[in-house]
Amino acid sequence: MAASLEIRLFGVVSLRRGKQVITGLASRTAVALFIYLAVERRPFSRAILADFFWDNRPQKQAFSNLRVILTMLRRELGDYLLITRHSVAFNEAADYWLDAAEFTRLMETDTQAALDLYEDDFLAGFYLRESRGFEEWAARRREQFRDMAAAGLRRLNRHFLAVGQYEAGLPGARKLLRLTPLDETAQRQLMEMLWRSGRRADALRQYEEGQRLLAQELDVAPLPATTTLAERIRATPFPPPCRLPASYTAISFIGRDKELCQLAELLSNPKVRLITIIGPGGMGKTRLLVEAARKITAAQPGRFMDGVYYIPLADLPSADFLPVTLAHNLDITFQGADDPAAQTLATLQVRELLLALDNFEHLITPASLRWLAGILESAPNVRLLISSRTRLGLREEY
């Protein structure tokens, strides 16, 4: 039984049977023909192949060239081809592995594994200048695979940004920008990952490099969204503020590993906006609240760029004071005679925060719940972590 054939076409072309590199194909056209058949995986008539590879030659000479190439291929790779008097096809029943086919399959099930195969462009550096048909086909396939890789990288970048895994996302963000250097979406994704990883200067340098490239290649300025992100990076200090009770840091925290892991998972889920820690008085809700906020801050310091705030509410006499209390803790200054609740909500709409609200149970009223619901609805980058003796009853509550 023939050893498995490994065909790698992303980057440097490589044909291996077992551990042995196939070197007997002295003709570049023979390699090109084998690649074409392996990728297309369907039978072709000899007439079509002769015209495809030698369209600038007389028909008789083209057929003669094809016979020579097929003899060479039959000798070296006969197990992987189905050759008849009239047609030629790749033998899909043979034992082989093709990176391009595996890449296409994995893009549907495991994007990261697929992209690991994409080391470089399809047939990068491989040319057959005497065959216009092959060159045009290779260019189309190269563009197709590049578009698939770019789409997969964009999905991965969005995922890593959403779950706060900025360091893990950096290689993919850089790879996407190499594939699409003028794509400002890719530019912003890389800038944001650098910024949230604590590399503020690198993020701004990336903006300047993109700005120069756009001016040089297209004679245009960056899009407003790109410039706005650069301005925010310049204006936002790193690390963000973290106002959690210092009194707990010296006290060991044991026995709540399961709950801490659950909270860390929920806080890493971008779809979870409101989490309530429920239990009777004296069960350690406050400590769990603080430690969960501290853990997410330590693990992902760039997750909440406007800060993480612990706000104790036990001494608040009424839910009417809730907006003012939040505003005081967040250093929000009221302007004019407008409603403080509306002004606080307006400020939260443009903030990226984790608010740890402790001891909320005595503030549960229809009005306070409507106000919390207003935050969830209009401030998409604010997350609420609340401790209470009872459920809040909001639809978004975990």
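## Pockets, cores and salt bridges

Let's start at the second largest pocket, where 14 residues form the lining and E259, Q262, I277, I278 and L288 lie nearest the centre. Keep in mind that you're looking at a predicted model. This pocket holds about 260 Å³ of space. Who supplies the lining? At least two residues each come from α11 (257–267), β9 (274–278) and α12. Sorted by class, the lining has seven nonpolar, four polar and three charged residues.

While you're at α12, look for R287 and E291. These two form a salt bridge, with their closest N and O atoms 3.1 Å apart. They sit four residues apart in helix α12, so about one helical turn separates them. Are they buried or exposed? R287 is buried, at a relative accessible area of 12%, and E291 is buried too, at 13%.

Now move to the largest pocket, with a volume of about 480 Å³. Its lining is made of 23 residues, and L161, E192, R196, E352 and N381 lie nearest the centre. Two or more lining residues come from each of α6 (132–163), α8 and α10, and α8 gives the most, with six. By class, you'll find nine nonpolar, four polar and ten charged residues here.

Zoom in on R232 and D306: their side chains meet in a salt bridge at 3.4 Å, N to O. R232 is in helix α10 (residues 224–235) and D306 is in the loop between α12 (285–299) and β10 (308–312), so this pair ties together parts that are 74 residues apart in sequence. R232 is partly exposed, with a relative accessible area of 26%. D306, at 18%, counts as buried, because the cut-off for buried is under 20%.

In total, the structure holds 21 salt bridges. Another one joins R199 to E167, with the closest N and O atoms 3.0 Å apart. Here R199 lies in the loop between α8 (184–196) and α9 (200–217), while E167 belongs to helix α7 (residues 166–179), so the bridge ties together parts 32 residues apart in sequence. R199 is partly exposed at 29% relative accessibility, and E167 is also partly exposed, at 45%.

Last stop: the nonpolar cores. In soluble globular proteins, nonpolar side chains tend to be buried together. The largest nonpolar core here has 78 residues, and I7, F34, F53, L73, F103, F134 and W137 touch the most other members. Take L73 as an example: leaving aside neighbours within four places in sequence, L73 is in contact with L25, A30, L33, F34, G78 and L81. Apart from this core lies another, of 30 residues, including L345, L353, L372 and L394.

Notes. Residues numbered from 1 in each chain as written. Predicted model: local features only at pLDDT ≥ 70, side-chain atom pairs only at ≥ 80, totals over all residues. Heavy atoms only, no water. Salt bridge = Lys/Arg side-chain N within 4 Å of Asp/Glu carboxyl O. Buried < 20%, exposed > 50% of the residue type's maximum accessible area, 1.4 Å probe, protein only. Core = buried A, V, L, I, M, F, W, Y, C linked by side-chain atoms within 4.5 Å. Contact = heavy atoms within 4.5 Å. 1 Å grid on protein atoms, 1.4 Å probe; cavity = no way out; pocket = protein on both sides within 12 Å on 5 of 7 lines; lining within 4 Å. Points joined across faces, edges and corners; volume = space filled by probe spheres on them. Nonpolar A, V, L, I, M, F, W, Y, C, P; charged D, E, K, R; others polar.
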